[in-house]
Amino acid sequence: MKKFSKVASLILAAALIVSCFAGCGKDTSNKTYIIGGTGPLTGDFMSYGVSVKNGASLAVKEINENGGLNGVKFSLEMLDDKGAPAEASTAYDQLFDKGMQISIGSVTSGACQAFAAKAAEDGLFFITPSASTATIIENRETAFRVCFGDPDQGILSARELAGKYENIGVIYNSSDPYSTGVFDAFKAEMKTLNASFKDQSFDDENDKDFSAQIEALKDCDVIFLPIYYDVAGLIAKTCVSKGCDADLFGCDGLDGVADQIDDTVTNNISYITPFDVNSTNATTAKFVAAYKAEYGESPDQFAADGYDAVYAIYEAMKAAGVNDVNISYDELAKKVVEAITADGFVLKGATGDMTWDASGACTKAPQIVKLGK
């Protein structure tokens, strides 16, 4: 869908609204601020998408129960993109047809690249919960994120591992932008630290058998896995079959790996994340309790990211003094960008205290979560 068709649709909608008001008087009782988003709600990465949707939905529910924004409530429209760029691009157009005014973008990096390109063309504000590839927000005035960026995670991982281990290995996905983005930053930082490592790779066409990679890294003290949880689970099980007892260390993509392994896996597994479900932080603990009450299970990092993305939108709109439910998406974007990047704007979220600058990057403190054996 081209931009001119969206504008035409908005003009037509406005004409119909004016006509309706002329006949029956203005009634905004059923109007809401519409937040759009996409994610893998089915398929291999549905754990991420469902978690983000659940967290975002919980935030919308809480905001509405507390009166919304100046009495106007919010609604969330989240469509299934299956983690695929083409699906995300199509869903973007569908969300505009549904009246999207602001967005939480897409969940995975590949899909969000497509979403972000269209949002940049239209001037739509989005804040992705979890798409961490650097280029998603680069040189895009209305593109923001809640999660750490890939370079951030690569740098943090290099510093963590180089300071604790001598024999370091890496397995990364050469066909995935998330994995290669983290790996490239890790590699550069390891060079800066004058630390060495051995690496093995795979691609999306060869991600079921990791015997060769583990055999090559069998004697490592630690294996860095800048990949997603489903493949990390396979690698952990391969470590068992190959007699490799290396520690396994990853980034936020490993959140969910606990459900992919069983008691046969004895390797220590840990990962960088901004969210710890067992945190005693008041905001985090309140979110965890509310999520358990709503869904009957504990939230993961992606649920927390989705929750924080919606609250970032709400708090920025409130700070900007938005009070018109019919505000256009491009005008809303200008107001929200100015508010969220202003000095003194801090979101106390489930994933920590967050600030943003004009780059769209989020600043907050990382944590390292260790899985119990």
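I took axes as lines fitted to C-alpha atoms, for helices over the stretch in contact, with angles from 0 to 180 degrees between N-to-C directions. Contact means heavy atoms within 4.5 Å. Helices (H or I, at least four residues) and strands (E, at least two) are DSSP runs, numbered from the N terminus.

I note that this is a predicted model, in which local features need pLDDT of at least 70 and side-chain atom pairs count only at pLDDT 80 or more, while totals for chains, interfaces and linings use all residues. Residues are numbered from 1 along each chain as its sequence is written, and side-chain values use heavy atoms, with hydrogens and water left out.

I then checked how β12 joins β13. Strand β12 (residues 352-356) runs antiparallel to β13, with two bridges between them. Tryptophan 356 has cysteine 362 in β13 as its bridge partner.

Trp356 came up again in the largest nonpolar core, which has 93 residues. Ile104, Phe125, Ile127, Ile223, Phe287, Met317 and Trp356 touch the most other members. A nonpolar core is a set of buried Ala, Val, Leu, Ile, Met, Phe, Trp, Tyr and Cys residues joined through side-chain atoms within 4.5 Å. Buried means under 20% relative accessible area, exposed over 50%, and partly exposed in between (1.4 Å probe, protein chains only). Helix α10 gives this core its largest share, 12 residues. I listed the contacts of phenylalanine 287, leaving aside neighbours within four places in sequence: Leu58, Phe275, Pro299, Ala303, Ala304, Tyr307 and Ala350. Another core, of 18 residues, lies apart from the largest one, and Phe96, Cys112, Ala119 and Leu124 are among its members.

Next I traced the open sheet of six strands, whose order is β7-β6-β8-β9-β10-β14, with mixed pairing. β7 (198-202) and β14 are the edge strands, each pairing on one side only. Neighbouring strands here are turned by 20 degrees against each other on average, direction ignored.

Three bridges join it in parallel to β9, and phenylalanine 249 stands opposite serine 270. With strand β14 (residues 367-370), β10 pairs in the antiparallel sense over four bridges; there tyrosine 271 has valine 369 as its bridge partner. Both faces of β10 are covered, with Ile269, Tyr271 and Thr273 buried on one side and Ser270 and Ile272 on the other.

Last, I checked helix α5. In α5, Asp150, Gln153, Gly154, Ser157, Ala158 and Leu161 are buried. They cover an arc of only 130 degrees around the axis (from the directions from the helix axis to the C-beta atoms), which puts them on the same side of α5. The buried residues of α5 pack against β6 (168-173), α6 (177-192), β8 (222-225), β9 (247-250) and β10 (269-273).

Notes:
Pairing = 2+ DSSP bridges.
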